[in-house]
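Thanks for making the time this morning. I would like to walk through one model with you, going from the overall picture down to a few local details.

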Amino acid sequence: MIDGEARCSGQQEARNFLGKSEGFEHAPGPTTPLTRCRTAPRPSDLVCRKLRPGESGVYRALRLESLKRYPDSFGSTYAEEAQVSRLAFENAIDEGTSDRFVVAAFLRKQLVGIAGFARRERHKTRHRSEITQVYVDPDARGRSIGETLMRATLEMGFAQRGIEQVELSLVSTNHAARRLYERLGFEAFGLQANYFKTGDLSWHQLHMQVTQERFLAVDPA
Ligand SMILES: CC(C)(COP(=O)(O)OP(=O)(O)OC[C@H]1O[C@@H](n2cnc3c(N)ncnc32)[C@H](O)[C@@H]1OP(=O)(O)O)[C@@H](O)C(=O)NCCC(=O)NCCS
């Protein structure tokens, strides 16, 4: 994970990452080989499902905890989000919307992970969606819960009518998250330099996407 590692020094890291000095690169590589999923054992008592109306409180608690514990992994800050009386996904959970939802991982009925899914809203972008706020409690890490949660989110997302591609973004030094996303078929298509900045520190943002076709082509673990 990227705690402490995420700090980088501007342009240098951008060059290293995509081999370019430009801040933003287009062109996903259609020829990139598919990454095969591993067959790591998963806890048998793991359940991944959408959060339901009435469960926005547990989501909020884990979301705020993620921001507090991993400030370098997310664009929002704990201070900002803690002040918001209703986070966007809280309303979505309690309204039970189908275009915007949170998939949760429960281990022995305890909430240990979340991933938010949101369809883009404009007429010409409604075939696309974004996954955000991915988080697994550190005590539950390294057991494929992140991968299982992401796979469940993608399956539910692609089951939505008309969804053809899913996008996400991550801080470029978050190597564990990137490997996880690549295992599910995501491909990087751009690196935006100095996307986040606080004081003298800056972070680059890596943009990734997966099509339904590619996701289905990756062997399930
Ligand atoms: C990124 C994150 C969600 C991954 O969650 P996770 O549950 O640890 O994910 P997985 O278990 O599926 O995979 C992570 C690693 O655990 C290892 N692992 C998985 N199952 C394992 C098992 N049974 N035994 C040992 N190791 C295992 C994997 O090898 C993988 O490491 P690798 O990439 O070097 O191969 C989690 O680290 C996290 O919440 N980080 C902080 C917030 C964050 O960065 N979110 C992403 C924002 S874009």
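Of the 221 residues in the protein chain, 31% are buried, where buried requires 20 or more other C-beta atoms within 10 Å of the residue's own, exposed applies at 12 or fewer, partly exposed lies in between, and the C-beta atoms are placed from the backbone. Please keep in mind that this is a predicted model, in which local features need pLDDT of at least 70 and side-chain atom pairs count only at pLDDT 80 or more, while totals for chains, interfaces and linings use all residues. Residues are numbered from 1 along each chain as its sequence is written.

The protein chain has 7 helices and 7 strands, meaning DSSP runs of H or I with at least four residues for helices, and of E with at least two for strands, numbered from the N terminus. Read from the N terminus, their order is α-β-α-α-α-β-β-β-α-β-α-β-β-α. If we take the contacts with a separation of 6 or more, 68% are between residues 24 or more positions apart, a contact being two residues whose C-beta atoms, placed from the backbone, lie within 7 Å.

Now to the interior. In soluble globular proteins, nonpolar side chains tend to be buried together. Here the largest nonpolar core has 40 residues, and Val-102, Val-103, Ala-115, Leu-149 and Leu-184 are those with the most contacts inside it; such a core is a set of buried Ala, Val, Leu, Ile, Met, Phe, Trp, Tyr and Cys residues joined through C-beta atoms within 7 Å. Which residues does Ala-115 contact, leaving aside its neighbours within four places in sequence? They are Val-103, Ile-131, Gln-133, Val-134, Leu-149, Met-150 and Thr-153.

Leu-149, Met-150 and Thr-153 are among the buried residues of α5, a helix that is mostly covered, with 11 of its 14 residues buried. Its length also agrees with expectation, because the 14 residues of α5 (residues 145-158) should span 20 Å at 1.5 Å a residue, and the end C-alpha atoms are 20 Å apart; the expected span is 1.5 Å times one less than the number of residues.

Helix α4 (residues 88-95) has Phe-89, Ala-92 and Ile-93 as its buried residues. Seen down the axis of α4, these fall within an arc of 100 degrees, so they line one face of the helix, the arc being that of the directions from the helix axis to the C-beta atoms. They pack against α2 (56-69), β2 and β3, whereas Asn-91 and Glu-95, on the other side of α4, are exposed. Just after α4, Gly-96 takes a positive phi of about 65 degrees.

Between β2 (100-107) and β3 (110-119) there is a loop that holds Arg-108, whose phi is near 50 degrees, a positive value in a residue other than glycine. Arg-108 counts as exposed because it has 9 C-beta neighbours inside 10 Å. Lys-109 lies in the loop between β2 and β3 as well, and with 7 C-beta neighbours inside 10 Å it counts as exposed.

Finally, β6 pairs with β7 (residues 201-211) in the antiparallel sense over 8 bridges, where pairing requires that DSSP finds at least two bridges between the strands. Ala-188 has Met-208 in β7 as its bridge partner. In this hairpin, which has 2 residues between the strands, Gly-199 takes a positive phi near 60 degrees.
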